[in-house]
Amino acid sequence: MSIAAPARPVAAVPHATPSRLAHEVDNRAAYVSFGLAYLLGHGAAAVSHGDDPLIGLPGWLPTTLLGIGLVTGVTQATVAALRAQRGAPEPDVLSGKLLGAAWIAAFTALFLAITGLASAVDMPDLQTVLWPAGSGLVVGLLYLAEGAARRNVLHYGLGVWLALTSSAALFLGTPGLYGVLALAVGGAYALGAVLEHRRLARLAGHPQA
């Protein structure tokens with residue numbers, strides 16, 4: 001009579017648990033808002049600026065479209081970050097608070113740098129170029145920090161693209177700078193929203209095709 005060997009327990013396949021997903025920052029809404037801000041705001045500026053603009057638009061319209069999109073995106077990003085911090089370990093909560101404070105410090109420093117430079121060289125119009133490019137550079141660097149802290153490669157990669165593209169766009173001046181920011185950065189945010197959906201689905205154990 002043979003004695004069957006005891007069955008060996010099958011190792012569980014690691015996957016994202018609901019508690020882990022609860023602490024993941026869902027950037028989809030923020031990416032969409034920022035992408036629309038760049039596409040509509042900077043896109044409107046690109047077609048309405050220059051010696052021979054394609055479309056005559058009120059001067060306030062591009063700035064208004066950009067501002068609405070950015071405010072919406074910042075709000076969405078803040079809500080997503082706060083939601084992810086609920087019940088998270090204390091070190092993660094502290095990291096989130098420090099990253100949030102970094103946004104305030106970074107844009108305060110950018111404001112001082114651009115305002116001071118434009119005043120020092122007596123070229124107020126310089127701000128119309130430095131603000132779009134500088135904002136993209138700062139946001140890109142902040143994304144690098146957030147991506148590294150959260151171990152989010154997509155967020156990190158988007159930060160690299162934002163920082164490099166926004167800085168390189170300075171070589172074009174206006175309205176070329178606005179066109180690059182609208183298409184290259186706005187398009188990157190659109191792609192980022194799609195990839196973010198796939199990233200979260202993969203973490204939840206539902207890989208997308």
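L158 touches Y31, Y143, A188 and Y189, leaving aside residues up to four places away in sequence; contact here means heavy atoms within 4.5 Å. The model is a predicted one, so to speak of local features takes a pLDDT of at least 70, side-chain atom pairs count only at pLDDT 80 or more, and totals for chains, interfaces and linings use all residues. Numbering starts from 1 along each chain as its sequence is written, and side-chain values rest on heavy atoms, with hydrogens and water left out.

L158 also turns up in the largest nonpolar core, a set of 21 residues where Y31, Y143, L158, L162, L177, V185 and Y189 have the most contacts inside. Such a core is made of buried Ala, Val, Leu, Ile, Met, Phe, Trp, Tyr and Cys residues joined through side-chain atoms within 4.5 Å, with buried meaning under 20% relative accessible area (1.4 Å probe, protein chains only). At least two residues each come from α2 (28–48), α5 (127–150), α6 (153–168) and α7 (176–203). The biggest giver is α7, with seven residues. Another core lies apart from this one and has five residues, including L110, I114, L130 and L142.

Zooming out, the protein has seven helices and zero strands, with helices taken as DSSP runs (H or I, at least four residues) and strands as E runs of at least two, numbered from the N terminus. Of the 209 residues, 35% are buried. Among contacts with a separation of 6 or more, 71% are between residues 24 or more positions apart.

Notes
Buried means under 20% relative accessible area, exposed over 50%, partly exposed in between (1.4 Å probe, protein chains only).
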